[in-house]
Amino acid sequence: MDDPAPDLSLRDAVAALESLYPLQSAAEWDRVGLVTGDLDQPVRRILFALDPTLDVIDEARTWGADLLVTHHPLLLRGVHSVATTSAKGASVTALVRAQIALWVGHTNADVADPGVSTVLADALGLADQRPLSREGENAIGRVGVLAAPVSLADFADVVATALPATAGGIRVSGDPGAEVRTVAVMGGSGDDRFDDVRASGADVFVTADLRHHPVLEAREEARGGRPFLVDAGHWATESLWLASARERLLSALDHVPGATRVETRVSTIRTEPWTFVVGANAARADRAAPDPGGVS
């Protein structure tokens with residue numbers, strides 16, 4: 001009878017992850033890498049999720065995961081206590097009690113190729129891809145072209161079809177009938193990249209977390225024209241990366257010396273914080289404005 005394959009160690013799993021998403025490529029302010037866990041502990045099951053929420057940690061515990069890989073950090077900002085009276089403390093305590101290691105790939109996963117924005121660009125069918133901008137050796141965002149020009153309204157439908165459904169849907173700023181072909185994308189928050197988008201010559205920019213003042217200023221600069229803006233939601237634009245990360249890690253683990261056994265899966269928990277919207281499209285620009293009244 002053949003001997004069973006040995007367990008994968010956390011040390012080897014972390015080494016594989018960091019060969020794909022090097023820690024040194026993360027932004028200085030970021031907090032990535034191993035958060036909890038013993039490098040010598042065995043890893044038989046790995047769960048991938050966007051956020052290390054309490055529900056996700058409970059899913060990992062229930063499934064029997066030894067390693068949780070997330071995109072967003074658990075401890076991005078400093079904490080002085082991990083008592084269970086806070087959500088952060090309860091999360092750390094739950095991970096340690098269940099002997100679940102947590103590894104985070106955030107901005108180092110954003111700038112990887114393929115990374116978060118590459119996966120988003122691929123999902124939208126963009127060809128001839130290039131970085132939206134560069135910071136040192138790191139590529140930020142992606143720019144590519146559609147197979148054929150489409151209206152902005154039809155392109156918004158493409159985005160909605162390609163991404164997982166969300167409570168908030170897709171927000172668009174621009175003429176629905178305008179033609180677009182060159183597309184810039186940046187998974188997650190991107191309203192600090194408008195100068196790069198304008199310089200890229202993109203017809204439309206797909207990102208998330210677009211705020212009132214930056215968007216209003218960008219649309220004023222465009223005088224109502226290009227680049228148009230599409231806010232597709234933070235969770236939706238980044239969650240596609242999880243399947244890519246899972247596949248890449250499994251491929252990397254194939255090269256770990258000695259046969260190993262490991263199960264992987266993507267979390268079934270939706271960590272989008274919004275649950276419903278009311279009055280969507282009630283104030284659409286293509287609808288007649290109500291009579292403001294007045295003196296006749």
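The following legends describe close-up views of a predicted model.

The model is predicted, so that local features need pLDDT of at least 70 and side-chain atom pairs count only at pLDDT 80 or more, whereas totals for chains, interfaces and linings use all residues. Residues are numbered from 1 along each chain as its sequence is written, and side-chain values use heavy atoms, with hydrogens and water left out.

View A. D66 occupies the loop between α2 (54-63) and β5 (67-70); helices (H or I, at least four residues) and strands (E, at least two) are DSSP runs, numbered from the N terminus. Buried means under 20% relative accessible area, exposed over 50%, and partly exposed in between (1.4 Å probe, protein chains only). With residues up to four places away in sequence not counted, D66 touches Q41, P42, V43, R44, R45, Q99, I100 and A101, contact meaning heavy atoms within 4.5 Å.

**View B. Packing of helices α1 and α10.** Helix α1 (residues 10-20) packs with helix α10 (residues 241-253) at an angle of about 120°, and their axes are 9 Å apart. The contact involves D12, A13, A16, L17 and L20 of α1, together with R248, L249, A252 and L253 of α10. Axes are lines fitted to C-alpha atoms, for helices over the stretch in contact, and angles run from 0 to 180 degrees between N-to-C directions. The two helices are therefore oblique to each other: angles under 35 degrees count as roughly parallel, over 145 as roughly antiparallel, 65 to 115 as roughly perpendicular and the rest as oblique.

**View D. Positive phi at D128 and N281.** D128, a residue other than glycine, has phi near 50° and belongs to strand β7 (residues 127-135). D128 counts as exposed because its relative accessibility is 63%. N281, also other than glycine, has phi near 70° and is found in the segment after β13 (263-266). At 46% relative accessibility, N281 counts as partly exposed.
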